[in-house]
Amino acid sequence: MQSYHRKQAEHFCDLSNLMASSSFVSFGVILVWLMSCFSYGNGCYTSIISFGDSLADTGNLKQLGFISNRVLPVFLPPYGENFLNQSTGRCSNGRLIIDFLEIWCFKGPSCLYANGCYTSIISFGDSLADTGNLKQLATVSNGVFPVFLPPYGQDFFDQSTGRCSNGRLIIDFLAERLGMPLIPPFLQDNGNNNMVTFKQGVNFAVAGATALGPSVLEPRGIVNPMTNASLAVQLAWLKQLLPSICGNDSNCRDFIGRSLILVGEIGGNDYNYPILWGQPIEEVEVLVPLVIDTIISTINELIEMGAKKLVVPGNFPVGCSASYLTVCGSENEEYDPKTGCLVRLNQFAEYHNKLLQTKLKQVRDLHPDVNIYYADYYNAAMEIYRFPYKYGFTNGALKACCGAEGRYNVDPTVQCGEVSATVCDEPDTYVSWEGIHLTEAAYRIISKNLFSTPQFNSLCSTSTSGVGLSVSM
């Protein structure tokens, strides 16, 4: 017994010595840290600020230990064994009082963000919304895709973030417009603790993801070369995460109800893979009702979980995509004389969108208490394709910024991010980033056109605060 107490005393001496020797951490030092630690507001509190010792430390000592190359038992299992199965630097097997305080405080009925409507954004989708999930999946499997390499992300704080663009995406601009932090990817490094961040929003979108699962696509000869994280998998991730965010069913239902949920864009890759591999569009069209039914099924399940405000995007006009124009264009194809886009492919996208809108109307009729906003990606993008110079795209709407030689700066054998690829000097003057995805400049305009409308603002009409969206970009 004496030996045990002696070891415990030595352990706590190590803690105090480490803090004293590594950075002279005192109350005054903490106050200096405090000066730069103000965060986003939610209409109730701007943040929780905590001082203390091991009863409240959520990882500071662990970081100090890393800096001074010290390892203490508190950093190792079984500490943190019930906190997402990892040791977080908390001196317990799981959450502390401050963690439970955070859940209570930021779940209060009056604690909304500055927009007056939402406590968080939850996103599902593919590369149009992925903010890093595919990158983390590839890290686990030791895979490397060109999208992880420069010049991808070159205008996003000078780093490659796993975003399929040179900078921010529509979801980033939406979060900024609502006065919320950028939405982090669900998949993170094992050492990261993001429960507090995830309460502000979480992104399940994965680049390359399809709406339909492999059991539906593979018998039709469609194999996803990037990921199996279909829409069903992403929804399962949300269900897995919820207990860590909100605890019990009642709190989680409230959390979902106060979140803005983006279901898509999703479904584009269900068509991209077969069409770009040469499958006739007529054969791909049979997938559209299956894709739409999958999206609607997910929406219905989210509503059952408590969702009250959802954004459901349609597909972009793929006939204007530089990659489609390169692979599918020919003398036999009809081109829109005003835009130069492939008419048949845009009609295909419109077919998907019209069927989606028809099904969404049925959901609205069944759930009149739920606000569902159809985000018309197609027409928001077509405005740019029709009038590129009006929006500052002096290099036109159809040529890619990053790629290779060719009429549309696209060569299927050369991918952006590879050494042999070239990149333009002024991405903001291009609509297309690398043939499939758009530039940050294009996403900024599309986001503004989509989320500055009375229809989108009306999603707030049932908010407990009664505050509409009036933030300008």
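Buried here means under 20% relative accessible area, exposed means over 50%, and partly exposed is anything in between (1.4 Å probe, protein chains only). A word on the model before the close-ups. It's a predicted one, where local features need pLDDT of at least 70 and side-chain atom pairs count only at pLDDT 80 or more, while totals for chains, interfaces and linings use all residues. Residues are numbered from 1 along each chain as its sequence is written, and side-chain values use heavy atoms, with hydrogens and water left out.

**View 1. The disulfide of C320 and C341.** A disulfide is called when two cysteine sulfur atoms lie within 2.5 Å, and the structure has 4 of them. In this one, the sulfurs of C320 and C341 sit 2.0 Å apart. The S-S torsion comes out at about 110°, so this link is right-handed. C320 belongs to the loop between β4 (309-313) and α14 (322-328), and C341 to the loop between α14 and α15 (343-366), so the bond ties together parts 21 residues apart in sequence. Helices (H or I, at least four residues) and strands (E, at least two) are DSSP runs, numbered from the N terminus. Both ends are tucked away: C320 has 1% relative accessibility and counts as buried, and C341, at 0%, is buried too.

**View 2. The disulfide of C401 and C424.** Here the S to S distance is 2.0 Å. The torsion about the S-S bond is -90°, which makes the link of C401 and C424 left-handed. C401 is in the loop between α16 (377-386) and β6 (402-403), while C424 is in the loop between β7 (422-423) and α17 (440-451), so the pair connects parts 23 residues apart in sequence. C401 and C424 are both buried.

**View 3. The disulfide of C402 and C416.** Move to C402 and you find its sulfur bonded to that of C416, at 2.0 Å. With a torsion of about 100° around the S-S bond, this disulfide is right-handed. C402 is in strand β6 and C416 in the loop between β6 and β7, so to speak distant parts of the chain, 14 residues apart. C402 has 1% relative accessibility and is buried, and C416 is buried at 4%.

**View 4. N409, with a positive phi.** In the loop between β6 and β7 sits N409. Its phi is near 60°, a positive value in a residue other than glycine. N409 counts as partly exposed, at 22% relative accessibility.

**View 5. Helix α10 and its start.** Helix α10 spans residues 249-257, and its buried residues include C252, F255, I256 and G257. An α-helix has 3.6 residues a turn, so residues three or four places apart point the same way. At the start of α10, a side-chain oxygen of N248 comes within 3.2 Å of the backbone nitrogen of S250. For polar contacts, the cut-off is a pair of N or O atoms within 3.5 Å; within protein, one must be able to donate a hydrogen and the other to accept it, and residues adjacent in sequence count only if both atoms are side-chain atoms.

**View 6. L238 in the largest nonpolar core.** A nonpolar core is a set of buried Ala, Val, Leu, Ile, Met, Phe, Trp, Tyr and Cys residues joined through side-chain atoms within 4.5 Å. The largest one has 120 residues, and those with the most contacts inside it are L238, L260, I299, L302 and L310. Helix α13 (residues 287-304) supplies the largest share of this core, 9 residues. Neighbours within four places in sequence aside, L238 is in contact (heavy atoms within 4.5 Å) with I122, F124, F204, I256, L302 and M305.

**View 7. N371 reaching L459.** N371 is part of strand β5 (residues 371-375). It is buried, with 15% relative accessibility. A polar atom of the N371 side chain lies 3.2 Å from the backbone oxygen of L459.

**View 8. Two cis Pro-Pro bonds.** The peptide bond between P77 and P78 is cis, with omega about 10°. P78 is in the loop between α3 (60-67) and α4 (97-105). P150 and P151 are also joined by a cis bond, omega near 15°. P151 sits in the loop between α5 (133-140) and α6 (170-177).
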